[in-house]
Structure formats: structure tokens, C-alpha cells
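Colleague: Hi! I have a new model open and would like to walk through it with you. Shall we take a look together?

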Amino acid sequence: MIDLIFPINPGAALAIHVALSAGIVAAIMLVAAWLREKRSGARADVPYEGGVLPAAPQQGPVNAPYFLIAALFVIFDMEAAILFAWAVAARDTGWLGLIEAAVFIGVLLLALVYLWADGALDWHKERKR
């Protein structure tokens, strides 16, 4: 509808979009640099989380199961995005698309079953090797 009122070349629209996006990113970075706390003698090996320097060095190992769950979330989140795109085009893909989506889901379910059997989803138990 807007094209009837204000016609624009697709190349010009892309250039405007890229320029506005770059401008917004630059503005956000400038505001963040202006607002952040200035540290003199900053060391690159010391974490700076939330504007507070750590009171003591980290003790013990990092909780690895948390990162495993985060990685699994990313994998299955991508699955949802891919299946959403498939659902949009489901009528056009027909039975072949349905079979391909079923195979895709099946492979991911097999991976989930393998991870479950391997103990990657257990928080409190030692993983078997």
C-alpha cells in the first residue's frame, strides 16, 4: 500500500535500511561508551560484569552442565525456527516436504535420545564415558 503513495527503488530501500541500521548501531555504541564507568589501569584478564569488579578470584570449575543445557537450547531453538519456515511453505512442499520435515525431526529426536542415554542431560550425576 505504501508503494502506491511513495514508490522507491528496491536498491535505494536497501541502502536506506543499511544506513539507518549502521547509524543506530553507531549511536548505541557511542552512548554506551559515554555512559560506562571509566577504569584506570584496567586489566584484560579480570572480568568486568555489571560494572562491579570481582571481590575475589573465581573458586573452582565452571558448572559445565549449565553450558550443555544452553547448547541444547540453541540447537532445539534452531529446530523450531527451521520448522516454522517449513510450516509457512507446507502447502507448497506437499508430501515430500512433510516427509523431509519428519526425517529432520526424527534425526533430532535420535540425537536427543542419545544425549539422554549418555547422561548429558543429568545435572547431579557423573557422566559415563
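Colleague: What is the mean pLDDT of the chain, and what share of its residues reach 70 or more?

Modeller: This is a predicted model, and its mean pLDDT is 80, with 73% of the residues at 70 or more.

Colleague: Which elements have the lowest and highest mean pLDDT?

Modeller: Helix 1 has the lowest, at 63, while helix 2 has the highest, at 94. Where pLDDT is low, the predicted coordinates should not be read in detail.

Colleague: Good to know! How many helices and strands are there?

Modeller: The chain has four helices and zero strands, so along the sequence you read α-α-α-α.

Colleague: What percentage of the residues count as buried?

Modeller: Of the 129 residues, 8% are buried. In helix 4, the buried ones are Gly97, Ala101, Leu108 and Asp118.

Colleague: New topic: which residues make the nonpolar surface patch?

Modeller: Ile5, Phe6, Ile8, Ile16 and Leu20 make a patch of about 520 Å². Ile8 sits in the loop between helix 1 (2–5) and helix 2 (10–35).

Colleague: Why does Ile8 count as partly exposed?

Modeller: Because its relative accessibility is 37%, and partly exposed covers the range between under 20% for buried and over 50% for exposed.

Definitions and conventions. Residues numbered from 1 in each chain as written. Predicted model: local features only at pLDDT ≥ 70, side-chain atom pairs only at ≥ 80, totals over all residues. Heavy atoms only, no water. Buried < 20%, exposed > 50% of the residue type's maximum accessible area, 1.4 Å probe, protein only. Helix = DSSP H or I, 4+ residues; strand = E, 2+ residues; numbered from the N terminus. Patch = residues over 30% accessible without salt bridge, like charges linked within 9 Å, V, L, I, M, F, W, Y side chains within 5 Å. Areas by Shrake-Rupley, 256 points an atom, 1.4 Å probe, with all protein chains shown as cover. Salt bridge = Lys/Arg side-chain N within 4 Å of Asp/Glu carboxyl O. pLDDT = per-residue confidence, 0-100.
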